[in-house]
Amino acid sequence: MQLCSIQNNMRKLRFNHDEMTQQELAKNIGVTRQTIIAIESRKYSPTLELAFKIAGVFQVPLEEIFQYKPEKS
């Protein structure tokens, strides 16, 4: 499976927020733990709505969580 070109800092942010678990984050934004795992491992790019929900949980701007790195061809 190819990694997506959107990188993220979700794992670090979870750790810095009282070591929030993937399950806790998933519950806060209304998705499954498997979705959080896929986003953190760059196998899935979240929708814009989901990205904003994640930013809301951590109370940071989107670009502090997600960075777009185009794939080189």
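Which backbone nitrogen does the side chain of asparagine 8 reach? I started my notebook with that one, and the side chain turns out to reach the backbone nitrogen of methionine 10, at 3.1 Å. A reminder to myself: this is a predicted model.

**Entry: asparagine 8**

I looked up where asparagine 8 sits, and its place is in strand S1, which covers residues 6-8. Is asparagine 8 buried or exposed? I found a relative accessibility of 16%, so asparagine 8 counts as buried, the cut-off being under 20%.

A polar atom of the asparagine 8 side chain lies 2.8 Å from the backbone oxygen of isoleucine 39.

**Entry: who surrounds it**

I set aside the neighbours within four places in sequence and listed the contacts of asparagine 8: Ile39, Glu40, Arg42, Ile65, Phe66 and Gln67. I also looked at arginine 42, which is 34 residues from asparagine 8 along the chain, and the two C-alpha atoms are separated by 7.8 Å.

**Entry: the nonpolar core**

Then I turned to the largest nonpolar core, which has 17 residues. Met10, Leu25, Ile54, Phe58, Ile65 and Phe66 touch the most other members. I noted that helices H1 (10-16), H2 (22-29), H3 (33-40), H4 (48-58) and H5 (62-65) each supply at least two residues of this core. The largest share, five residues, comes from H4.

What is isoleucine 54 in contact with, leaving aside its neighbours within four places in sequence? I found Met10, Ile29, Ile39, Ile65 and Phe66.

Methods
Residues are numbered from 1 along each chain as its sequence is written. This is a predicted model: local features need pLDDT of at least 70, side-chain atom pairs count only at pLDDT 80 or more; totals for chains, interfaces and linings use all residues. Side-chain values use heavy atoms; hydrogens and water are left out. A nonpolar core is a set of buried Ala, Val, Leu, Ile, Met, Phe, Trp, Tyr and Cys residues joined through side-chain atoms within 4.5 Å. Buried means under 20% relative accessible area, exposed over 50%, partly exposed in between (1.4 Å probe, protein chains only). Helices (H or I, at least four residues) and strands (E, at least two) are DSSP runs, numbered from the N terminus. Contact means heavy atoms within 4.5 Å. A polar contact is a pair of N or O atoms within 3.5 Å; within protein, one must be able to donate a hydrogen and the other to accept it, and residues adjacent in sequence count only if both atoms are side-chain atoms.
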